[in-house]
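Colleague: I would like to learn how to read a single-chain model. Could you take me through it feature by feature?

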Amino acid sequence: MASRSLWRLRALGPLSVCGGRISVRFCSSGMTLDGINRATVDRIIRVDHAGAGTALLGKEGAMACTVAVEESIAHHYNNQIRTLMEEDSEKYEELLQLIKKFRDEELEHHDIGLEHDAELAPAYAVLKKVIQAGCGMAIYLSERF
């Protein structure tokens with residue numbers, strides 16, 4: 001059930017629910033998906049990563065958080081892509097394209113974080129590993145609940 005997901009879709013406005021179908025408009029791309037199956041959305045993990053704690057470390061800390069989170073999500077998307085391609089790439093073509101689009105957006109955000117001095121954050125390597133461990137745990141739990 002989408003409401004039980006630990007991760008949230010970054011949506012502009014409320015999700016429109018009609019039976020088992022929903023409509024979503026994504027902030028990052030402005031893309032709208034109408035009538036996509038709720039189970040499909042449950043499998044698409046998006047993260048709201050304001051990084052309030054890392055913002056205390058300044059711009060570089062916030063960018064380090066962005067790099068760590070985006071890298072973790074891109075890795076997760078790559079795993080989803082690999083699984084779907086192994087299962088039946090033709091059957092899941094539309095979903096594969098959607099996940100690839102999201103993955104590419106996450107990698108773009110990752111690169112922007114690096115361009116904006118993420119690596120200059122205090123204890124960057126440690127901070128990145130801690131954030132990625134948290135992301136990994138959240139992804140693990142979201143796949144099971």
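Modeller: We start with the ground rules and then go from the fold to single residues. This is a predicted model, in which local features need pLDDT of at least 70 and side-chain atom pairs count only at pLDDT 80 or more, while totals for chains, interfaces and linings use all residues. Residues are numbered from 1 along each chain as its sequence is written, and side-chain values use heavy atoms, with hydrogens and water left out.

Colleague: In what order do the elements of the protein chain run from the N terminus on?

Modeller: Helices (H or I, at least four residues) and strands (E, at least two) are DSSP runs, numbered from the N terminus. Here the order is β-β-β-α-α-α-α-α, which comes to five helices and three strands.

Colleague: What percentage of the residues of the protein chain count as buried?

Modeller: Buried means under 20% relative accessible area, exposed over 50%, and partly exposed in between, with a 1.4 Å probe and protein chains only. Of 145 residues, 37% count as buried. As for contacts (heavy atoms within 4.5 Å), among those between residues at least 6 apart in sequence, 61% join residues at least 24 apart.

Colleague: How many residues has helix α5, and what does it reach from its first C-alpha to its last?

Modeller: The expected span of a helix is 1.5 Å times one less than its number of residues. Helix α5 covers residues 124-144, 21 residues in number, and reaches 30 Å, close to the 30 Å expected.

Colleague: Which residues of α5 are buried?

Modeller: They are Tyr 124, Leu 127, Lys 128, Ile 131, Cys 135, Ile 139 and Ser 142. Seen down the axis of α5, these buried residues fall within an arc of 100°, so they line one face of the helix. The arc is that of the directions from the helix axis to the C-beta atoms. Val 126, Lys 129 and Val 130 are exposed on the other side of α5.

Colleague: How many disulfides does the count come to?

Modeller: A disulfide is a pair of cysteine sulfur atoms within 2.5 Å. The count is zero. The sulfur of Cys 65 has its closest cysteine sulfur in Cys 135, at 7.2 Å, which is too far for a bond. Cys 65 is buried at 8% relative accessible area, and Cys 135 also counts as buried, at 7%.

Colleague: Where does Lys 101 lie?

Modeller: Lys 101 is part of helix α4, residues 93-115, and counts as partly exposed at 33% relative accessibility. From Lys 101 to Tyr 77 the separation is 24 residues in sequence and 9.8 Å in space, C-alpha to C-alpha.
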